[in-house]
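Please keep the sequence and the coordinates at hand while reading.

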Amino acid sequence: MIRDKGCGELRESDIGKSMTLCGWVFRRRDHGGLIFIDLRDRSGILQIVFSPDVSGDAHKLAHELRSEYVISVAGEVRRRPEGTENPNLPTGLVEMYANKLDMLNESAVLPFSIEDADTSENLRLKYRYLDLRRPEMQRNLIIRHKVTKVIRDYLDEKDFIEIETPMLTKSTPEGARDYLVPSRLNPGQFYALPQSPQIFKQILMVSGFEKYFQIVKCFRDEDLRADRQPEFTQVDLEMSFVDRKDVIETIEDMMKMVFKDVLDIKLETPFERLSFKESMERFGNDKPDMRFGMELKEMADLAEKGSFKVFLDAIKSGGRVKAINGKGMAGLSRKEIDTLTAEAISYGAKGLAWIKVKNGFESPITKFFPEEILRQMAHRLEAEEGDLMLFVADKGKIVHDVLSRIRLELGKRLNLIKPGYKFVWITDFPLLEWNDEEERFDVMHHPFTSPMDEDIEKLLSLNISEHHTPDSELSRIKAKAYDIVLNGYEIGGGSIRIHRRDVQRKMFEILRISEKDAKVKFGFLLDALEYGAPPHGGIALGLDRFVMIMVGASSIRDVIAFPKTQKASCLMSGTPSTVEPKQLRELYIKLNLPEV
């Protein structure tokens with residue numbers, strides 16, 4: 001190495017030593033006689049002092065330094081003069097007086113300042129190699145590295161074996177579009193990039209490996225948002241001879257180790273657990289942020305004792321009436337409430353009813369309710385003087401979705417969300433969910449998820465044609481599935497798998513997948529289940545999203561070295577791009593592009 005230490009590694013114990021350091025010029029300050037340079041590398045920042053009394057040559061050359069020049073500097077480490085220490089830096093008690101300066105490389109004028117966190121994201125992504133020099137970005141990726149190392153160490157200690165599965169595999173329906181790769185050697189045929197290693201990890205359990213894991217790239221061609229990317233990373237694991245309890249305890253112990261070793265935070269286990277139904281009723285979704293209250297409360301029984309037609313019509317049509325309590329929001333103006341109503345409508349509601357608890361009750365709808373009913377509503381919502389009760393009436397799905405979004409928005413606006421990390425497991429999912437458009441059942445998770453033990457024989461005995469309605473027995477069968485949620489984000493999901501061929505065949509029947517189609521799409525897994533498949537289950541954790549929460553970022557793009565935009569393009573490399581006609585001919589592909 002041409003340097004002795006990292007810039008951020010020097011401490012009081014180094015005072016008096018002669019050192020050589022290398023790095024980038026972060027800031028330059030010319031105070032006339034003395035020139036100060038903040039020298040930065042991955043380890044941190046150190047102040048370098050160029051004095052003509054120490055080295056005239058180094059001092060003269062320091063005048064030429066500009067932002068992001070790469071330099072090597074040698075000199076003596078000294079204690080900073082009293083009163084000039086910087087308590088915000090780990091190196092803030094020391095500085096180096098330079099006696100030698102070598103300019104290793106110059107830098108063009110930067111398109112943005114390395115210090116400017118408000119630079120547009122597109123500019124940051126185009127010049128990602130500069131954006132990655134920012135200490136915040138380097139910290140994020142260093143934490144990501146530490147997380148994956150702890151996970152590997154933990155799973156290795158628990159006798160898991162890391163096994164790679166294919167990147168070029170078979171196209172199967174898993175909820176999103178596949179990324180397809182044409183095969184030159186097999187004209188007209190395609191590989192698919194894996195959306196997950198689901199089938200292969202089950203095959204590994206049939207193969208007798210018993211405990212598998214992989215930190216693996218997955219690919220989904222879907223519309224993107226802040227917490228999605230076309231290529232993302234999963235911590236994927238599978239175990240044989242286990243039930244839900246074993247998988248959940250394994251993940252909880254792993255999370256404890258990750259948070260202790262990486263952030264020095266002690267997590268309390270077991271994590272809280274909610275059934276899918278309870279989560280939906282209390283929070284309106286299956287990924288609740290448990291760091292604050294403002295829970296949804298049922299109001300239909302009280303609403304039907306009034307004469308407000310909107311509420312009564314919703315109840316009559318089989319819908320719901322629910323409400324949340326906006327703490328301290330009774331002071332909102334009518335214009336501000338109208339803005340909140342517009343938000344609710346944009347989420348899918350027909351409107352947003354409200355009642356202020358302000359010297360009694362204040363609202364255009366109070367005339368439709370007896371005073372005693374209004375008091376009961378306030379009591380149920382724990383609404384006090386100065387609070388604002390907010391109501392939505394509609395189909396249950398819409399009510400839950402709208403109020404859960406308003407709850408999260410108000411949690412942020414009112415600063416109700418406590419700092420820290422709050423895990424919760426969501427369990428007891430329905431095995432199936434009704435698809436109104438196609439008038440059939442879809443799987444809630446994936447077609448290899450096992451029903452609860454007590455539901456298996458019931459499932460096998462059902463005549464599917466007689467039970468293909470949204471409120472049939474099929475709708476009441478529960479799955480051995482579980483999601484782990486952190487701070488309102490689903491960071492992982494898994495299940496105990498179907499390991500019996502007869503149960504898997506029945507599942508395909510429910511999903512209207514013929515034996516022929518099942519053979520084409522999943523044949524090798526179905527064949528494997530014929531040869532002594534053990535009971536098995538596992539989970540996949542979204543590494544990008546998990547690290548995003550740990551570092552406090554707002555987008556997974558801030559924890560991925562080279563991410564894509566919301567249009568799935570890389571601004572730095574110009575991906576995707578056109579290819580030469582010769583390459584297309586070799587693949588027997590002819591483009592039929594839409595006219596622009």
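## A covered helix

Helix α5, residues 198–206, is mostly covered, since eight of its nine residues are buried; buried here means under 20% relative accessible area, with exposed set at over 50% and partly exposed in between, for a 1.4 Å probe and protein chains only. Helices (H or I, at least four residues) and strands (E, at least two) are DSSP runs numbered from the N terminus. The buried residues of α5 are Q198, I199, K201, Q202, I203, L204, M205 and V206.

The elements that cover these buried residues include β9 (211–219), β10 (231–240), α15 (515–528) and β22 (536–542), where contact means heavy atoms within 4.5 Å. After α5 comes G208, with a positive phi near 90°.

## Basis of the model and overall form

This is a predicted model, in which local features need pLDDT of at least 70 and side-chain atom pairs count only at pLDDT 80 or more, while totals for chains, interfaces and linings use all residues. Residues are numbered from 1 along each chain as its sequence is written, and side-chain values use heavy atoms, with hydrogens and water left out.

The protein has 17 helices and 22 strands, and its C-alpha trace spans about 90 × 75 × 55 Å along the principal axes. Of its 596 residues, 48% count as buried. Among the contacts with a separation of 6 or more, 69% are accounted for by residues 24 or more positions apart.

## Nonpolar cores

A nonpolar core is a set of buried Ala, Val, Leu, Ile, Met, Phe, Trp, Tyr and Cys residues joined through side-chain atoms within 4.5 Å. The largest such core holds 43 residues, of which V147, F423 and F546 touch the most other members. Helix α6 (residues 244–263) supplies the largest share of this core, eight residues. Apart from it lies another core of 27 residues, including V424, L431, L459 and A481.

With its neighbours within four places in sequence left aside, V147 is in contact with V258, V262, L543, F546, V547 and M550. In soluble globular proteins, nonpolar side chains tend to be buried together.

## Two buried loop residues

A330 belongs to the loop between β13 (320–326) and α10 (334–346), and A330 is buried, with a relative accessible area of 3%. Beyond its neighbours within four places in sequence, A330 is in contact with K356, V357, K358, G386, D387 and L388. A330 and A383 are 53 residues apart in sequence, and the distance between them, C-alpha to C-alpha, is 10 Å.

S450 is found in the loop between β19 (440–443) and α13 (453–461), and counts as buried at 7% relative accessibility. Leaving aside neighbours within four places in sequence, the contacts of S450 are L431, I456, A479, K480, I496, R497 and I498.

## Cysteines without a disulfide

A search of the whole structure finds zero disulfides, a disulfide being a pair of cysteine sulfur atoms within 2.5 Å. C7 counts as buried at 0% relative accessibility, and C22 counts as buried at 10%.

## Pocket and cavity

On a 1 Å grid over the protein atoms alone, a cavity is a set of points where a 1.4 Å probe fits but cannot get out, whereas a pocket is an open set with protein on both sides within 12 Å along at least five of seven lines, and lining residues have an atom within 4 Å of a point. The second largest pocket contains about 590 Å³ of space, and of its 19 lining residues Y179, L180, T575, P576 and S577 lie nearest its centre. Strand β7 (residues 180–182) gives the most to this lining, with three residues. By class the pocket lining has 15 nonpolar, two polar and two charged residues.

The whole structure has two cavities of 30 Å³ or more, and the second largest cavity has a volume of about 50 Å³. L125, R128, F562, P563, T565, S569, C570, L571 and M572 line this second largest cavity, dividing into six nonpolar, two polar and one charged. In these classes Ala, Val, Leu, Ile, Met, Phe, Trp, Tyr, Cys and Pro count as nonpolar, Asp, Glu, Lys and Arg as charged, and the others, Gly among them, as polar. For the volumes, grid points are joined across faces, edges and corners, and a volume is the space filled by probe spheres set on the points.
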